[in-house]
Amino acid sequence: MNEQFAQFLRRGEQAGARYALAAPRQRALGSAGVQLGARSGSSLEFREHRDYQPGDDLRRIDWNAYARTDRLTLKLYREEINPHCDLVLDGSRSMNLGESAKAEAALGLTALLAVAAANAGFTHNVWLASDRCLPLTNGTARPTAWAAPEFNFAGHPAESFTRTPPRWRRQGVRLLISDLLWLGEPAQLLQPLAHEAAHTIVIQLLAAQDAAPTVRGRLRLIDAESGEPREIFVDDAALARYQSALSRHQQLWQQACRQAGATFVELIAEQVVADWNLSPLVAAGVLVV
């Protein structure tokens, strides 16, 4: 494992000891630490009857009701869901910008959230959205056992989901960590991410220079995804245009998250790694102390 990345995971794991993942508010807790879902399932809590339809499980037929009414009806029970969290990490190149704390914060934050999930009684799995969206090796274990991911994808997570639709746990919590810095409709990512999830959380992780760049003058920039160079001149007017575009981009994501019933939180990488005080996630109801 990349030793530097291993250190980032260790720091996040240590910082996670003070946090627990908050349970989705729309789910009522059931017995033995499970959650009760809205769909019909196989728990012991009776929900309702409905008429038998061809293909239904014959074991669910209420024969006592059939004897009384001469109609085939099924007993439906509320589904029990073991709390689970799928952590999805953006594996694109822009998540590992040199001279920033972005990679450290991304890895440490993923580790912290995995520990917080375990502290709350959730199982978890870590996924890397790269060329394909696949589970990280040992991603169900403690962070120090994970195979360190590589940030080498020249695309973005929505493309990754399309190439390899992930098999996330149904009715689990889904949590994406990404800078969200690509063009395109948020729905392209949010629809598969939020499908059949108990709750969806989108964390936009930006480097300080992503959020509020301070450089000025004639610059030669390298596109983090394509590697292509570009000569530009940056002055106050250019920085103002950038800030306006970033603000519109974030507003678009915030609106899309509200429409999808997802929680949106912005974090700055350098602030995260400074003291691991994640009060924005606590205020948003994602974590509890």
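## Helix H3 across the sheet

In this predicted model, helix H3 lies across S5, strand S6 (123-129), S8, strand S9 (199-206) and S12, and runs at about 175° to S5. Axes here are lines fitted to C-alpha atoms, for helices over the stretch in contact, with angles from 0 to 180 degrees between N-to-C directions. Helices (H or I, at least four residues) and strands (E, at least two) are DSSP runs, numbered from the N terminus.

Next up is Gly121, which follows H3 with a positive phi, near 85°.

Six strands make an open sheet with mixed pairing, in the order S7-S6-S5-S8-S9-S12. Strand S7 (133-135) and strand S12 (263-268) sit at the edges with a single partner strand each, so one side of each has no neighbour in the sheet.

Strands S5 (residues 84-90) and S8 (residues 173-178) pair in the parallel sense over five bridges; pairing takes at least two DSSP bridges. Val88 has Leu176 in S8 as its bridge partner.

The average pLDDT (the predictor's confidence in each residue, from 0 to 100) is 85, and 87% of the residues score at least 70. Over residues 26-44, though, the pLDDT is below 50.

Residues are numbered from 1 along each chain as its sequence is written. Local features need pLDDT of at least 70, side-chain atom pairs count only at pLDDT 80 or more, totals for chains, interfaces and linings use all residues, and side-chain values use heavy atoms, leaving out hydrogens and water.

Key. Contact = heavy atoms within 4.5 Å.
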